[in-house]
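Visitor: I would like to learn how to read this kind of model. Could you walk me through it, feature by feature?

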Amino acid sequence: MLSYRHAFHAGNFADVFKHVLLVQLIRALHRKDKPFCVLDTHAGAGRYNLHSPPAQKNREFAGGIGQLWTEAGRLSPELADYVAQVRAFNPDSQLRVYPGSPRIARALLRPGDRLMLTELHPTEHAALKAEFANDRQVAVHHTDGYAALKALLPPPERRGLVLLDPAYELKDEFDRLLTAVQTLHRRWATGVIAVWYPILDRAPSLRWQQSLQKLAIPAMLCAELGLYPYDAPLGLHGTGMILINPPWKLDETLGRLLPELRQCLRVGDHGQTRLEWLTPAP
Ligand SMILES: C[S@@+](CC[C@H](N)C(=O)[O-])C[C@H]1O[C@@H](n2cnc3c(N)ncnc32)[C@H](O)[C@@H]1O
């Protein structure tokens with residue numbers, strides 16, 4: 001039984017981190033003319049109304065996109081690019097709508113590129129299906145994102161990105177991701193893989209990274225942004241992304257963007273960033 005609803009969290013600091021990276025990953029795919037394909041395995045509803053009761057419950061977006069919304073003139077081109085993607089959904093400059101990863105990815109497709117979306121929750125899937133009705137570049141599947149890796153990949157384009165962004169409702173999510181990364185890399189060794197994770201209790205995410213290292217998949221980069229001390233009591237202390245086959249020089253770009261994000265999103269004097277190759281590029 002799935003109970004997670006992203007509407008409560010849309011636009012929070014973890015979404016900002018994730019979607020800033022997503023924009024950079026897709027922009028890098030534009031460097032070649034050849035078409036690419038994006039698979040978003042845990043797609044959510046596609047867009048979120050920030051005035052809705054779930055979004056207003058804890059107003060998590062205020063500590064995320066809300067912090068960057070009015071800063072556009074002072075941001076680096078990459079963060080300004082991300083904010084511009086959100087602004088495109090809020091043409092009168094009032095922040096009301098937050099685009100999820102499917103909408104952000106769709107906005108960055110060129111005419112020959114494709115987006116595949118999988119979502120298991122019936123309500124979220126129905127919203128997603130309606131969101132992309134009649135869009136011939138987007139395929140929406142009501143299926144398990146992990147199963148889709150085998151069914152949908154490798155894509156005929158042989159270029160592209162897989163975003164794995166689960167809800168971490170299940171105790172074995174890190175184990176599932178480990179298997180998924182292994183399967184995915186065996187099927188499509190050159191695809192870009194991005195796995196988002198929360199930093200709640202620090203130990204499990206570090207143990208998982210050690211297991212990922214043991215898979216001996218080359219070119220595995222870890223990027224993290226922490227806003228709270230990692231030994232603080234319960235809560236979302238930070239967020240991270242594992243990137244396999246990241247685009248050339250993304251590490252340099254993230255070396256600038258992570259401290260900038262930390263500064264924009266800071267809560268008191270805490271906070272830390274981490275950028276580390278878990279396995280080197282060949
Ligand atoms: C963190 S949310 C996704 C947010 C979205 N990627 C974004 O950035 O806008 C995770 C989603 O995964 C869905 N989900 C959970 N388990 C799934 C599975 N096995 N396959 C596909 N979707 C799943 C949940 O219903 C939820 O909508």
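Visitor: At what angle do helix H7 and helix H8 pack?

Guide: Bear in mind that this is a predicted model. To read a helix pair, look at the angle between the axes and then at the distance between them. Here H7 (residues 145-152) and H8 (residues 173-187) pack at about 10°, and their axes are 10 Å apart. Angles under 35 degrees count as roughly parallel, so H7 and H8 are roughly parallel to each other.

Visitor: Which residues make that contact?

Guide: From H7 come Tyr-146, Leu-149 and Lys-150, while H8 supplies Arg-176, Ala-180, Thr-183 and Leu-184. By class, the residues of this contact are four nonpolar, one polar and two charged.

Visitor: Is Leu-149 buried or exposed?

Guide: For burial, count the C-beta neighbours; 20 or more within 10 Å make a residue buried. Leu-149 has 23 of them inside 10 Å, so Leu-149 counts as buried. Setting aside neighbours within four places in sequence, Leu-149 touches Ala-180, Thr-183 and Leu-184. Leu-149 also lies 8.7 Å from Leu-39, C-alpha to C-alpha, although 110 residues separate the two in sequence.

Visitor: What should I look for in a nonpolar core?

Guide: In soluble globular proteins, nonpolar side chains tend to be buried together. In this structure the largest nonpolar core has 70 residues, and Val-20, Leu-161, Ala-194 and Val-195 touch the most other members. Helix H1 (residues 13-29) gives the most to this core, with 11 residues.

Visitor: Which residues does Val-20 touch?

Guide: Leaving out residues up to four places away in sequence, Val-20 touches Glu-78, Leu-79, Tyr-82, Leu-257 and Leu-261.

Visitor: How do H1 and helix H4 cross?

Guide: Read this pair as you read the previous one. The axes of H1 and H4 (residues 77-87) come within 9 Å and cross at roughly 100°. Since 65 to 115 degrees counts as roughly perpendicular, H1 is roughly perpendicular to H4. On the H1 side are His-19, Val-20, Val-23 and Gln-24, which meet Glu-78, Leu-79, Asp-81, Tyr-82 and Gln-85 in H4. The contact of H1 with H4 has four nonpolar, three polar and two charged residues.

Visitor: How many residues surround the ligand, and which are the closest?

Guide: For a ligand, list the surrounding residues and then sort them by class. Here 22 residues surround the ligand, and His-42, Gly-44, Gly-100, Ser-101 and His-121 are the closest. The shell has nine polar, seven nonpolar and six charged residues.

Terms used:
Residues are numbered from 1 along each chain as its sequence is written. This is a predicted model: local features need pLDDT of at least 70, side-chain atom pairs count only at pLDDT 80 or more; totals for chains, interfaces and linings use all residues. A residue is near a molecule or strand if its C-beta atom, placed from the backbone, lies within 6 Å of it. Ala, Val, Leu, Ile, Met, Phe, Trp, Tyr, Cys and Pro count as nonpolar, Asp, Glu, Lys and Arg as charged, and the others, Gly among them, as polar. Axes are lines fitted to C-alpha atoms, for helices over the stretch in contact, and angles run from 0 to 180 degrees between N-to-C directions. Helices (H or I, at least four residues) and strands (E, at least two) are DSSP runs, numbered from the N terminus. Angles under 35 degrees count as roughly parallel, over 145 as roughly antiparallel, 65 to 115 as roughly perpendicular and the rest as oblique. Two residues are in contact if their C-beta atoms, placed from the backbone, lie within 7 Å. A nonpolar core is a set of buried Ala, Val, Leu, Ile, Met, Phe, Trp, Tyr and Cys residues joined through C-beta atoms within 7 Å. A residue is buried if 20 or more other C-beta atoms lie within 10 Å of its own, exposed if 12 or fewer, and partly exposed in between; C-beta atoms are placed from the backbone.
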